[in-house]
Amino acid sequence: MSDSATGTETTPTATVTAAHPRFAEALAALGLSVEVRAFPEATRTAAEAAAAIGCDLAQIVKSLVFTADGAPVLVLVDGASRVDVERVRAELGATKVRRADAALVRETTGYAIGGVPPFGHRTRTPVLADRGILAHDTVWAAAGTPHTVFPLDPQTLIAHAGGRLVDVREPAR
């Protein structure tokens with residue numbers, strides 16, 4: 001439903017204005033109208049987000065920042081998986097890959113850890129999207145804050161993130 005006075009897409013529980021302002025701008029620039037859901041309790045982790053939404057953990061998309069030879073790279077992976085740093089290193093042809101610290105995440109993306117969306121970042125970085133995200137018709141990702149999420153089909157999410165499809169999750173045990 002839409003509020004004709006403001007043009008804001010609304011649902012009974014959330015509005016696009018619940019998203020971080022930078023992310024709301026990114027949605028508008030991309031011409032995307034998505035339902036952003038805000039929760040009183042944090043959805044900072046994939047498990048918290050899945051519990052709040054009522055979806056499978058693997059339907060959550062984690063947006064994780066790493067550094068490859070000192071340069072930031074965004075890795076998108078499903079919430080039930082862990083990133084295999086060695087696979088990321090091989091995909092990028094890098095010598096050293098490590099998890100970015102909180103300061104670099106905020107500097108690169110403009111968002112705090114736990115609220116990093118898959119696109120709408122301050123700085124354009126390479127994006128690796130793990131193929132496992134495609135296993136679902138709808139996935140959920142952070143909307144710029146630790147309390148907001150949005151749904152999207154995985155192909156559209158990866159396309160708007162500028163992601164390259166790869167296999168970077170740890171093998172199942």
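**Contacts, bridges and a pocket**

The side chains of D78 and S81 are joined by a polar contact of 2.8 Å. The model is a predicted one. D78 sits in strand β5, which covers residues 71-78.

D78 carries a charge, and D78 is buried. Which side chain of opposite charge is nearest to D78? That is R169, 4.6 Å away. A salt bridge needs a nitrogen and an oxygen within 4 Å. D78 therefore has no salt bridge.

R169 does pair up elsewhere. The side chains of R169 and D130 meet in a salt bridge, with 2.3 Å from N to O. This pair links distant parts of the chain. R169 is in the segment after β10, while D130 is in strand β7 (residues 127-130), and the two are 39 residues apart. Are they buried or exposed? R169 is partly exposed, at 28% relative accessibility. D130 is buried, with a relative accessible area of 0%.

Next comes R131. R131 forms a salt bridge with D167, and their closest N and O atoms are 3.4 Å apart. R131 lies in the loop between β7 and β8, and D167 lies in the segment after β10, so this pair ties together parts 36 residues apart in sequence. R131 is partly exposed, at 38% relative accessibility. D167 is also partly exposed, at 36%.

Now turn to helix α3, residues 85-92. D84 caps the N-terminal end of this helix. A side-chain oxygen of D84 lies 3.0 Å from the backbone nitrogen of E86. Just after α3, G93 takes a positive phi of about 65°. The helix also holds E91, which forms a salt bridge with R164. Their closest N and O atoms are 3.0 Å apart. R164 lies in strand β10 (residues 163-166), so the pair ties together parts that are 73 residues apart in sequence. R164 is partly exposed, with a relative accessible area of 39%. E91 is partly exposed as well, at 31%. In total, the model has 6 salt bridges.

Last, look at the largest pocket. Its volume is about 330 Å³. The lining has 22 residues, and R44, K62, S63, L64 and G114 lie nearest the centre. Which elements give two or more residues to this lining? They are α2 (46-53), β4 (60-68) and β8 (139-142). β4 gives the most, with 6 residues. By type, the lining divides into 14 nonpolar, 5 polar and 3 charged residues.

Definitions and conventions: Residues are numbered from 1 along each chain as its sequence is written. This is a predicted model: local features need pLDDT of at least 70, side-chain atom pairs count only at pLDDT 80 or more; totals for chains, interfaces and linings use all residues. Side-chain values use heavy atoms; hydrogens and water are left out. On a 1 Å grid over the protein atoms alone, a cavity is a set of points where a 1.4 Å probe fits but cannot get out, and a pocket is an open set with protein on both sides within 12 Å along at least five of seven lines; lining residues have an atom within 4 Å of a point. Grid points are joined across faces, edges and corners, and a volume is the space filled by probe spheres set on the points. Helices (H or I, at least four residues) and strands (E, at least two) are DSSP runs, numbered from the N terminus. Ala, Val, Leu, Ile, Met, Phe, Trp, Tyr, Cys and Pro count as nonpolar, Asp, Glu, Lys and Arg as charged, and the others, Gly among them, as polar. A polar contact is a pair of N or O atoms within 3.5 Å; within protein, one must be able to donate a hydrogen and the other to accept it, and residues adjacent in sequence count only if both atoms are side-chain atoms. Buried means under 20% relative accessible area, exposed over 50%, partly exposed in between (1.4 Å probe, protein chains only).
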